[in-house]
Amino acid sequence: MNETGLALRLHDIHRQFTQADRVIEVLRGASLELQAGQMTALVGPSGAGKTTLLNIAGLLEPADSGKVEIGGTDIAALSEAGRTRLRRREIGFVFQFHRLLPEFSALENIIIPQMINGLGRSEAGARASQLLSMVGLSERAHQRPGQLSGGEQQRVAIARSVANAPSVLLADEPTGNLDPKTAASVFEALQQIVRGTGTAALIVTHNMQMAARMDVILEMANGQVKSGMAPA
């Protein structure tokens, strides 16, 4: 994290794909900034480039041109190994489907990423318990994913996404697979995590009621990010 609280900056991002003999411009100079502790909704029609922009922000795919800065670090200056280390250290992901490891408990699903990152079992377990408490699942810590409801599984996934204390949390339709009541509880868990950890969150959603509860709403259209819309 840099001193200004700017966690992520994308500037003039371009991305295109070739399909048969046709070039498709997905991103056409998209730019945005995320501040620490702030929830930002990214909305717009299907095909506007939201997921592609999220993937570039998360260093899952490259931009054709433009600048990506995470915590003040320009990723263009990093090797592939350096980008991988930065992604593991600074970025957390929440997807529409939870992707939990079915053979491990909720607690273990949050412990494992921390141990992979070099933390000891005891310290990782303590943080995992704290995060489960933040999303209201302390009593379900030793249940496997198959014993949890869809909403509970997604709350575990949210806790896991910040297990390694990333500065940026990227979520792609994190409640898109849930009924409205469950989606509301998952959003509250996500909000609790962001506020409690000071993480900067960028959340792709089609749910405008959810977007209205965030700090900033950014709208994508024609491969560009429009200026922020004021939440209702």
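**Figure 1. Lining of the largest pocket in the predicted model.** Helix α3 contributes the largest share of the lining of the largest pocket, namely four residues. The model is predicted, so that local features need pLDDT of at least 70 and side-chain atom pairs count only at pLDDT 80 or more, whereas totals for chains, interfaces and linings use all residues. Residues are numbered from 1 along each chain as its sequence is written, and side-chain values use heavy atoms, with hydrogens and water left out. The volume of the largest pocket is about 590 Å³. Among its 19 lining residues, I91, F93, P113, R160 and N164 are the closest to the centre. At least two lining residues come from each of α2 (80-90), β6, α3 and α5. The lining comprises 10 nonpolar, five polar and four charged residues. A pocket is an open set of points on a 1 Å grid over the protein atoms alone, with protein on both sides within 12 Å along at least five of seven lines; a cavity is a set of points where a 1.4 Å probe fits but cannot get out; lining residues have an atom within 4 Å of a point. Grid points are joined across faces, edges and corners, and a volume is the space filled by probe spheres set on the points. Ala, Val, Leu, Ile, Met, Phe, Trp, Tyr, Cys and Pro count as nonpolar, Asp, Glu, Lys and Arg as charged, and the others, Gly among them, as polar. Helices (H or I, at least four residues) and strands (E, at least two) are DSSP runs numbered from the N terminus.

**Figure 2. The second largest pocket.** This pocket has a volume of about 270 Å³. Of its 17 lining residues, E61, P62, A63, I75 and R83 lie nearest the centre. Strand β4 (65-70) and helix α2 each supply at least two residues of the lining, and the largest share, four residues, belongs to β4. Eight nonpolar, two polar and seven charged residues make up this lining.

**Figure 3. The largest cavity.** One cavity of 30 Å³ or more is present in the structure. Five of the lining residues are nonpolar, one is polar and one is charged.

**Figure 4. Packing of α3 against α5.** The axes of α3 (residues 106-116) and α5 (residues 150-161) come within 9 Å and cross at roughly 20°. Helix α3 is therefore roughly parallel to α5 (angles under 35 degrees count as roughly parallel, over 145 as roughly antiparallel, 65 to 115 as roughly perpendicular and the rest as oblique). Axes are lines fitted to C-alpha atoms, for helices over the stretch in contact, and angles run from 0 to 180 degrees between N-to-C directions. The contact (heavy atoms within 4.5 Å) involves A106, N109, I110 and P113 of α3 together with V156, A159 and R160 of α5. These contact residues divide into five nonpolar, one polar and one charged.

**Figure 5. Packing of α3 against α4.** The axes of α3 and α4 (residues 121-134) come within 8 Å and cross at roughly 130°; the two helices are therefore oblique to each other. From α3, A106, L107, E108, I110, I111, Q114 and M115 meet R121, E123, A124, G125, R127, A128, S129, L131 and L132 of α4. By class, this contact has nine nonpolar, three polar and four charged residues.
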